[in-house]
Structures are given as structure tokens and as C-alpha cells.
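Please open the model in your viewer and keep the sequence beside it. The stops below tell you what to select and what you will find there.

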Amino acid sequence: MSLNPAVEAVTARIVERSRPGRQAYLDLIRRERDSGVDRPNLSCGNLAHGFAASGEDKPAIREGKAMNIGIVTAYNDMLSAHQPYGRYPEQMKVWAREAGATAQVAGGVPAMCDGVTQGQRGMELSLFSRDTIALSTAVGLSHGMFEGAALLGICDKIVPGLLIGALRFGHLPTILVPAGPMPSGLANKEKQRVRQLYAEGKVGRAELLEAESASYHGAGTCTFYGTANSNQMMMEVMGLHIPGAAFVNPGTKLRQELTRAAVHRLTQIGWDGGDYRPLGLCVDEKAIVNAAVGLLATGGSTNHVIHLPAIARAAGILIDWEDIDRLSAAVPLIARVYPNGAGDVNHFQAAGGMAYTIATLLDGGLLHRDIMTVSGSDLSAYARDPRLEGDVLVWEDAPAASLDETMLRPHDNPFQPDGGMRLVQGNLGRGTFKTSAVDRERWTIEAPCRVFDDQDQVNAAFKAGELNRDAIVVVRFQGPQANGMPELHKLTPPLGVLQDKGYKVALVTDGRMSGASGKVPAAIHLTPEALAGGPIARLRDGDIVRLCGHDGSISALVDAAEWDAREPAGPPPAHSGTGRELFAFMRHGADTAERGGSAMLAAAGL
């Protein structure tokens with residue numbers, strides 16, 4: 001089928017807007033390939049340092065005729081999604097030798113867990129950890145020892161950070177290597193039920209901890225469809241994985257063979273062969289649009305309306321929230337994965353997973369087929385499922401129909417006709433409303449607001465019974481410049497309790513809401529943020545606020561003259577402790593959420 005006109009128009013809009021920056025980027029990676037730092041240009045002293053500890057690979061690296069793969073790993077054994085990476089480098093070195101190549105660990109990057117820091121002080125480092133990861137990736141690849149890169153990372157800020165850093169070395173062929181989701185544990189709906197009971201004081205900490213540990217119970221990515229699993233979806237529709245690698249569980253023979261295939265494939269797409277596929281050409285305007293389409297079609301995490309513009313900027317591409325809004329109007333919602341449905345990513349995989357998703361979106365003309373992927377083909381290679389025939393990795397066509405239409409549907413019989421991620425705008429600025437996670441009858445909320453400066457104040461008011469009424473809960477001074485834009489997932493249980501009691505409630509904030517959240521209407525990422533003079537700083541308790549997902553509006557219903565005359569509220573004192581003071585320069589230099597909330601990219605002029 002020909003490309004959907006709306007997808008085509010948005011792509012053309014991005015291409016035109018990005019033309020100068022994209023050309024500058026392509027010039028950069030061409031220069032880096034032709035005359036940048038690489039092994040032939042290293043002095044003997046440089047090179048000797050680079051292979052001194054490489055053991056049996058030393059002769060091959062010294063000779064310089066075989067590809068040397070730089071592994072950038074986000075391994076730690078506190079983060080369940082990344083714990084399986086512990087042994088990957090040693091295995092990947094063996095698989096590189098099988099293909100006549102070598103591999104070295106170029107560097108490690110931090111990988112914080114939003115699940116551990118959720119609602120805690122450490123969450124104020126979370127968004128900026130993405131740029132720290134990008135910087136760490138750049139440090140690892142800066143040695144000039146590598147002709148290809150394998151990026152080991154899965155979760156929230158880790159994949160965007162790895163990509164941003166690697167894109168500045170876009171002349172290198174690069175493959176993202178996932179490790180897969182943990183097997184399903186306690187059903188997510190049951191976990192949510194226990195959380196709400198705890199918020200109401202009906203169960204204790206022991207019962208809550210038991211439910212949480214039955215849900216998050218082993219090695220692998222958390223199984224809900226939050227930012228981490230949305231990352232894996234995007235890498236598939238951008239063609240940056242070995243096809244079908246996203247949602248195969250850790251510790252399986254199939255997972256091992258997919259990683260082996262990634263190493264072998266890197267050796268085939270280097271600049272010395274006839275199938276050179278550098279990262280900077282794989283990540284183009286069409287690939288960025290594919291990522292946005294996949295996000296909308298599957299009900300992915302709202303965090304990516306911040307991360308996707310940042311990734312794009314690293315490749316000289318400019319995408320904004322209006323682009324995503326226009327795509328959302330044209331792209332149908334074809335998946336219902338928790339928190340937008342009952343089943344988790346393992347159930348999604350069993351229903352047809354990414355192979356079926358890509359197949360039906362290609363059939364509907366909603367994805368760009370003609371992108372440069374790391375596979376030997378265009379995006380159609382990703383409409384196939386990997387499996388083992390004995391010990392041999394093969395791919396078969398996606399199922400002709402969804403294997404569970406409560407989880408996954410064809411493009412022409414969707415759960416809803418749009419992607420359910422609206423740009424809302426008005427006299428309070430611009431923000432994001434994930435309508436796909438909210439019952440349609442709650443898409444419009446008009447109520448008096450109650451204004452807070454942090455989420456702990458909200459929880460205190462909830463426990464005191466002060467929010468037992470219709471209310472728009474406003475939490476401001478939560479943007480990148482104010483405190484690093486922590487997620488406010490801690491608010492989901494109490495607001496859910498209020499909604500279940502029959503009150504009309506919504507959240508309005510210049511902060512983030514977790515990819516794990518849903519159910520309660522929310523206008524998030526409001527920009528300009530309060531600390532930057534955004535109009536959310538003018539709100540007062542009792543002002544009537546109207547949020548509407550139907551017409552895409554977010555407004556304070558206050559007399560215009562009074563509104564204009566109001567002085568913005570002053571910010572709360574800056575926080576210190578838990579390392580937050582070390583990130584002050586990132587807060588002070590951060591740009592808007594719509595541009596990615598990055599001081600690093602802003603300072604680089606990207």
C-alpha cells in the first residue's frame with residue numbers, strides 16, 4: 001500500500017525544517033569517516049595502549065585488518081533489565097572471532113532504575129542521566145579503536161542516551177542489543193489494585209511489598225509497557241535491532257543466538273565491505289517518523305515525546321509535538337498492553353509481537369518501508385519472527401492474523417482510530433495528554449484547581465482528605481530547569497482512588513508522568529515550565545482549569561485582564577543532597593521539554 005498521506009506530509013515537514021542541520025550532520029559523519037580518528041591514524045604509542053590488555057585478540061587488533069567492535073555496556077546487577085548483560089562482552093568476543101573480527105568493551109555507562117528512584121530524591125537525576133549516558137558513550141567511542149559499535153542497553157534513559165552519544169559517531173555501523181523482558185509475574189492489574197488499597201490504608205507495607213516483588217521478580221525488563229519496552233519497540237521500527245530481538249526472554253537459546261547474530265551482522269556492514277550501513281544514515285527523518293508512528297500505534301510511553309526530539313537533534317533532525325499530534329490523528333491504536341490493557345509485553349509477544357505490528361502497519365501504509373536498517377533488507381525484514389530450527393536461527397513471516405485481538409489488532413480494525421497522544425495547548429502553554437490510557441468520558445475535565453509545588457504536598461493533602469472533591473491537581477516547578485523533571489508516578493495511586501470514588505480529577509504539571517501510568521487524565525510536560533516564566537506559575541487555588549483531549553486544549557478560565565496582571569509564583573528553594581547539586585549546570589542550561597530538556601544539546605548548538 002502507498003504511504004499514508006498524513007505520514008508522508010509530516011515526514012516532508014520534518015525534512016524541510018531539518019534541511020540545514022541534517023546536511024551539517026551528514027557532512028560531519030563523512031569527515032569523521034574519511035579523516036577522523038581511527039586505528040590507521042593512531043601513533044604506535046596510542047595503538048599499543050589500545051591493545052595492551054586484549055589477550056588472544058592482540059595480534060588481530062595490532063594488524064588492523066579486521067573489524068574491532070566497540071561494546072558500550074549499561075550493565076549493572078541492581079537493575080533487573082541490565083543484569084543479564086554481565087557475561088555478554090565475553091560471549092560477544094567469541095562470536096566476533098567466529099566472523100574474523102575482534103571486540104573490546106569501549107566503556108560502561110550508568111544505568112539508574114526509575115523503579116527504585118520513583119518518588120525519591122534520586123529521581124531528580126533521572127532525565128539528566130540520559131545526557132550523562134550520551135557523554136559516557138562518546139568517551140568510550142572517542143579512542144578511535146573501533147570500526148563498529150554494539151550498544152547494550154534497554155531501559156528508560158539508557159537507550160536514548162546510548163543513541164545520542166553514538167550518533168555523534170554516526171559513521172560507525174551500530175546495532176542495539178537488548179536482553180529481553182522477565183517472564184510474567186503477578187498480573188499488573190492486581191499489582192495496581194494492591195497499590196490503591198495501600199494508598200487507602202486498607203493493606204499494610206508487608207502486603208504491598210509482597211505484591212511488588214511478585215511482579216518484579218527476576219532478571220529482565222519490567223513487563224509493563226512503559227518507557228523501557230517502548231524503547232525496544234522503537235529500535236525495531238527504526239531497524240536498529242537484529243529483527244525480532246525486542247521481546248525474547250533472557251537466558252534462552254533464542255536470545256543468545258540473536259545476540260550472536262548481531263555481532264556477526266556488524267562485521268558485514270562495515271566500511272570495508274559492500275554493504276556499509278552507518279548509524280547516521282540508518283537514523284534519518286523516515287526512521288524518526290517510524291519511531292513516532294510505532295509509539296502511537298502501540299500506546300507507548302509519553303516519555304518519548306521528550307526523548308525522541310533529543311535523539312533526532314543528535315542526527316541533525318528537528319521534530320516537535322505538533323508533528324507527533326498530526327501523526328496521532330492519522331495512526332490507529334492497534335495494541336492494548338498494560339497500563340493501556342490487561343496483558344503485559346509477554347502476552348503482546350505471544351499475540352504476534354513486533355513482527356505482526358510492523359506487518360500490519362506496513363500493510364496500512366503507516367510506516368516507511370524504505371529505510372536503511374542494520375539488517376540486509378528494508379523494514380519488511382522486521383515483519384518476520386525469529387525462531388530456532390535445531391541450533392540454527394531462522395526467520396518466518398509474521399502470523400497472518402493477530403493471535404489475540406484483546407491485545408493486538410490489524411490496522412483496519414483498531415482499538416481506536418487515533419494514536420491517543422494529543423498535543424494540548426492554550427493559555428497554560430503546550431503539553432501532552434495520553435488519551436489512549438484514559439476512558440473517553442474522562443477526556444474533558446473542568447474543575448477548580450489545587451496548586452502544589454511537589455508531589456509530597458499532594459500526598460499529604462490526600463491523606464488529610466483535602467482532595468475529596470472534583471479537582472484539577474496542579475504540580476508545578478517540576479520542569480527540567482527547576483528540579484530535573486522527575487516522574488510523578490507516585491501520584492497515580494491517590495489520584496486513582498479519588499477517581500474511583502466518583503470525583504472528576506486530573507493532573508496538570510510541567511513535570512513528567514511515568515510510562516507506567518494511565519487511567520487518570522493528565523496534561524504533562526507543560527511548557528514553558530514554571531521556573532522559566534511559564535503561565536502555570538500564575539495559577540492560584542480555586543482557579544477553574546479546563547483540560548480537553550477532544551479539542552486539544554488546556555486553559556485557565558480566568559478573566560484575561562486579571563490573568564495578565566498576575567505575578568508568577570516564586571520557586572521553592574533549590575534541593576541538595578543525593579548528588580542533586582552536582583547536576584545544577586544541567587538544570588540551569590536545560591532547554592524546553594519539547595526540544596528534549598537537554599543542556600548538553602543546547603550548549604552544542606544542536
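This is a predicted model: local features need pLDDT of at least 70, side-chain atom pairs count only at pLDDT 80 or more; totals for chains, interfaces and linings use all residues.

Residues are numbered from 1 along each chain as its sequence is written, and side-chain values use heavy atoms, with hydrogens and water left out.

**Stop 1: Ala103**

Select Ala103, which sits in strand 2, residues 102-108; helices (H or I, at least four residues) and strands (E, at least two) are DSSP runs, numbered from the N terminus. Is Ala103 buried or exposed? Ala103 is buried, with a relative accessible area of 3%, where buried means under 20% relative accessible area, exposed over 50% and partly exposed in between, with a 1.4 Å probe and protein chains only. Leaving aside neighbours within four places in sequence, Ala103 is in contact with residues including Asp57, Ile69 and Met92, contact meaning heavy atoms within 4.5 Å.

**Stop 2: Thr298**

Next, select Thr298 in helix 13, residues 285-298. Thr298 counts as buried because its relative accessibility is 1%. A polar atom of the Thr298 side chain lies 2.7 Å from the backbone oxygen of Gly294. If neighbours within four places in sequence are set aside, the contacts of Thr298 are Tyr225, Met233, Leu333, Ala335 and Thr357.

**Stop 3: Arg566**

Move on to Arg566, in the loop between helix 21 (560-565) and helix 22. At 13% relative accessibility, Arg566 is also counted as buried. The side chain of Arg566 makes a polar contact with the side chain of Glu562, at 2.9 Å; a polar contact is a pair of N or O atoms within 3.5 Å, where, within protein, one must be able to donate a hydrogen and the other to accept it, and residues adjacent in sequence count only if both atoms are side-chain atoms.

**Stop 4: helix 18**

Select residues 455-463, which form helix 18, and colour its buried residues Gln455, Val458, Asn459, Ala461 and Phe462. Seen down the axis, these buried residues fall within an arc of 160°, so they line one face of helix 18; the arc is that of the directions from the helix axis to the C-beta atoms. Among the elements covering them are helix 8 (188-199) and strand 9 (444-452). At the start of helix 18, a side-chain oxygen of Asp454 reaches to within 2.9 Å of the backbone nitrogen of Asp456, and after the helix comes Gly465, whose phi is positive, near 80°.

**Stop 5: a pocket**

Finally, select Glu124, Gln478, Asn483, His575 and Arg580, which lie nearest the centre of the second largest pocket among its 27 lining residues. On a 1 Å grid over the protein atoms alone, where a 1.4 Å probe is used, a pocket is an open set of points with protein on both sides within 12 Å along at least five of seven lines, and lining residues have an atom within 4 Å of a point. Helix 18, helix 19 (480-483) and helix 22 (584-589) each supply at least two residues of this lining.
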